[in-house]
Every structure is written in structure tokens, then in C-alpha cells.
Amino acid sequence: MDSITKNKWIQYEEKENVKLRLFCLPYAGGGSSIYRLWQKSMPEHIQVCKIQLPGRENRINEQAIDSMEDLVKTLAKQLFNYLDKPFALFGHSMGAMATYELAKYLSNNTPYSPKHVFVSGCRTPNTPHNHITYHLEGEEFIDSLRQMGGTNEVLLNNKDYMKMVEPTLRADLKLIERWHHNDIETLCCPLTVLGGVNDTLVLPTNLKQWHQYTNKIFELKLFEGDHFFINDDSHNIASIVANTLKQ
């Protein structure tokens, strides 16, 4: 146990009698802290395991991964020692893309498969991303971030802060904008999709298309808010995830 508690990729509270682990992946530019309150909304037997990717928060000095294939293989390796108990996966936006790909990879390449997958604020894999921004420079890049939302205007105008986070944001956007494939590979577990009713980046009509990606139960849940609704209604969303996992 000592070896896995030192894993810098996975943060969690020590708990007894864990019966299910919920691995949570952040959105682009975000860190594990977006899930910092989720454990409080879970029953005792569910352990929230927050994934901390390189290039953010306490790993700000590490290079972010800009390839989905590399990210998924690395995550699978890091999670392997934690898959001794049933587990579920949750991801928002970029984290949701990685969640779906990770679920597929684990099912196809290891003895382990998730009991439930949650995809939040994320287009389907066969929907291309037509507005490429990761290669933009200077103010043009800052303006593209402003249009996406989710980044405080004060921080966008802080040149020192932007110099620090720009490599990670650029790597994350490269990963997001290149993620596209037409093959529909279904998951062998229930799939719950979450979205914001006012999300202009991922429309609810696209979220419905996720029903093709599971051969088990599919459920779509919509919340008030835009693409970053997960930050506005965190406690409610965590509670809904907890109740879904109880079923």
C-alpha cells in the first residue's frame, strides 16, 4: 500500500472497507482540485481517486501530455495497482475524452473493466473539432481561450500567469482538437452522460448521440449552466454520481 499512496498521479483519502473506487479526470487546464469536495458527497464504501495530470497545480513544472494514446497508456499503467477493487470512471470535457478511451483500453488490454463510465461535457468521438486553436500565437491564442470560457479574465490578462500555464493549455488543446475517430466501439458497462443546457461548445443534441457507445444502460442528465456547469453545481453533481453508483 505504501508504494501506491506515493503515486503522484492519484490523490485520495485513506478509507477502510472500500468497495468501489471512482477515478475522476479533470478538464483542460484543470487539476485534481476540481474534485476536492466530492468525497464528502460519497457513501463510506466509495473512494474518490482524483487524477492529477502533469503540468498543473503541484505538477506545474512537468510537461503536459499532448497525445491521447500516450495519455491513456500512461494512465492505465499508473492505475493498474488500484484496480484490485471494482471501479468507475468520471471525466469532464478533455477528461471525459480520456475517460472513454481509458475504459476501452483497460477492457481490451487488461483483465479489468469499469463498472460504470460517466462522460461529462464532451462531444462524441465521431464529431470532429473544426476550430483549431492550439497553434495560435499571442493575443490570438488568449482570445480563443476567452471565447471558450472557464478562465478568469484577470488571469487571462496576467502575462506572468499565462506564461506559466500556456504550455499546458496548448498541449491540452492539441489533445482535444485532434481527438476524432469514426469507429463506434461500445462499452460493456452503463454509460451516464452529463451536460449543461446552455453549453455552446457541446450541444445537448450531440450528447444524446453517446447512446451508441454502450451496449448497457444509457442515461443523459442535463444541468443548468454552460460548458463549466460542473464548477457551479459540484455538490449536486457528485451526489447524483453517488446515487447512480448505488443502483
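Biologist: Where in the chain does glutamate 57 lie?

Modeller: Glutamate 57 lies in the loop between strand S3 (46-51) and helix H2, with helices (H or I, at least four residues) and strands (E, at least two) being DSSP runs numbered from the N terminus. Before going on, a word on the ground rules: this is a predicted model, where local features need pLDDT of at least 70 and side-chain atom pairs count only at pLDDT 80 or more, while totals for chains, interfaces and linings use all residues. Residues are numbered from 1 along each chain as its sequence is written, and side-chain values use heavy atoms, leaving out hydrogens and water.

Back to glutamate 57. Its phi is positive, about 50°, although the residue is not a glycine. With a relative accessible area of 37%, glutamate 57 is partly exposed; here buried means under 20% relative accessible area, exposed over 50%, and partly exposed in between (1.4 Å probe, protein chains only). Serine 93 is another non-glycine residue with a positive phi, near 55°. Serine 93 sits in the loop between strand S4 (87-92) and H3, and at 11% relative accessible area it is buried.

The axes of H2 (residues 68-79) and H3 come within 9 Å and cross at roughly 60°; axes are lines fitted to C-alpha atoms, for helices over the stretch in contact, with angles running from 0 to 180 degrees between N-to-C directions. Contact here means heavy atoms within 4.5 Å. On the H2 side it is made by Met68, Leu71, Val72, Lys73, Leu75, Ala76 and Leu79, and on the H3 side by Met97, Ala98, Glu101, Leu102, Tyr105 and Leu106. That is eleven nonpolar residues, no polar and two charged, counting Ala, Val, Leu, Ile, Met, Phe, Trp, Tyr, Cys and Pro as nonpolar, Asp, Glu, Lys and Arg as charged, and the others, Gly among them, as polar.

Past H3 (94-109), the loop to strand S5 (116-120) holds proline 111, which is exposed at 69% relative accessibility. From proline 111 to glutamate 177 is 31 Å, C-alpha to C-alpha, for 66 residues in sequence.

Glutamate 177 turns up again where H4 meets H6: the contact is made by Phe141, Ile142, Leu145 and Met148 of H4, and by Met162, Glu166, Leu169, Arg170, Leu173 and Glu177 of H6. The axes of H4 (residues 138-148) and H6 (residues 159-178) come within 12 Å and cross at roughly 65°, in a left-handed crossing.

Further along, helix H9 (residues 234-246) contains alanine 242, buried at 1% relative accessible area. Neighbours within four places in sequence aside, alanine 242 is in contact with Ser41, Met42 and Pro43. Its C-alpha is 9.6 Å from that of glutamine 39, 203 residues away along the chain.

The C-alpha trace spans about 50 × 40 × 35 Å along its principal axes, and 51% of the 247 residues count as buried.

Conventions
A crossing is left-handed if the near helix is turned anticlockwise from the far one by less than a right angle, and right-handed if clockwise.
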